[in-house]
Amino acid sequence: MPGGATTVADAVELRVGRGRPLFVEMDGRLGLKPEHVGLSPALCAVLYEWAEVAERVAHGEITDEGAVETVARRGERLAGRVADEFGREVRYRDPLTGEQRTVPAPRGDSLSPGSDPRREATDPAARPTGFAVSVLLAVLVAVVLVVVSLGLGEVNPVLGVVINLAIAGGLAPSVWLGRSVPTWRWVAFGVVLGVGASWLVLPLSLLG
């Protein structure tokens with residue numbers, strides 16, 4: 001396990017509690033968050049997203065047909081990824097039906113560094129919409145950064161540069177972490193592209 005991770009028992013169960021994913025030892029005495037058991041940050045992020053959706057379905061906030069089945073199927077796949085990272089089987093409790101099952105570690109499906117631990121197929125039909133969202137956000141972010149930077153630059157050029165660096169340095173890395181999460185990956189791409197485009201446009205604007 002990575003530094004700071006808690007050693008878990010040989011038998012643990014993946015559950016959802018209060019909208020959060022938890023790993024509970026079979027005696028029920030210990031409930032740990034994904035980041036406390038040494039899972040990769042990308043897999044932790046997806047587990048939290050899944051748990052939040054499961055909680056919303058349970059409370060009736062999401063009423064789409066097939067939502068229960070989708071949550072169960074996705075949870076079982078994620079349990080398989082957890083088993084893969086643990087290197088052993090884990091138990092999985094369906095957050096909506098309470099059904100329990102044992103999920104073995106997938107064979108021949110190991111993760112490579114930097115890869116998406118879910119390896120879920122992306123729906124080709126969703127890509128055009130995703131690209132459109134990325135482009136629109138890129139344009140919006142670039143325009144806002146350029147306008148704000150030029151406006152501050154008229155008052156104090158140094159202040160304009162500092163503010164732009166603060167926004168770019170603080171926003172882009174945080175949003176970029178969402179690139180492995182479905183739907184949010186398009187937002188992440190758009191923001192990062194917008195920040196990069198603003199730095200290309202700003203020197204041209206100042207020269208003009």
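Visitor: Which residue in S2 does Leu14 stand opposite?

Guide: Leu14 stands opposite Phe23 in S2. First, the ground rules. This is a predicted model, where local features need pLDDT of at least 70, side-chain atom pairs count only at pLDDT 80 or more, and totals for chains, interfaces and linings use all residues. Residues are numbered from 1 along each chain as its sequence is written, and side-chain values use heavy atoms, with hydrogens and water left out.

Now the sheet. Five strands make an open, mixed sheet in the order S3-S2-S1-S4-S5. Strands (E, at least two residues) and helices (H or I, at least four) are DSSP runs, numbered from the N terminus. Two strands pair if DSSP finds at least two bridges between them. At the edges are S3 (31-32) and S5 (100-103), each pairing on one side only.

Start with S1 and S2. They run antiparallel, joined by six bridges. Their hairpin has two residues between the strands, and Arg18 there takes a positive phi near 55°.

Leu14 has a partner in S4 too: Tyr92. S1 and S4 run parallel, with two bridges between them. S4 (residues 90-93) then pairs with S5 in the antiparallel sense, over four bridges.

Next, the helices. Helix H2 (residues 67-86) packs on the sheet and touches S1, S2, S4 and S5. Contact means heavy atoms within 4.5 Å. The direction of H2 makes about 160° with that of S4. Axes are lines fitted to C-alpha atoms, for helices over the stretch in contact; angles run from 0 to 180 degrees between N-to-C directions. Helix H1 (residues 41-58) lies across S1 (12-17), S2 (20-25) and S4, at about 105° to S2.

Finally, the aromatics. A search of the whole structure finds two aromatic pairs. One of them is Trp50 with Tyr92, a tilted pair at 6.1 Å centre to centre and 45° between the planes. Rings of Phe, Tyr and Trp (its six-membered ring) pair if their centres lie within 6.5 Å; planes under 30 degrees apart count as stacked, over 60 as edge-to-face, and the rest as tilted. Trp50 lies in helix H1 and Tyr92 in strand S4, so the pair ties together parts 42 residues apart in sequence.
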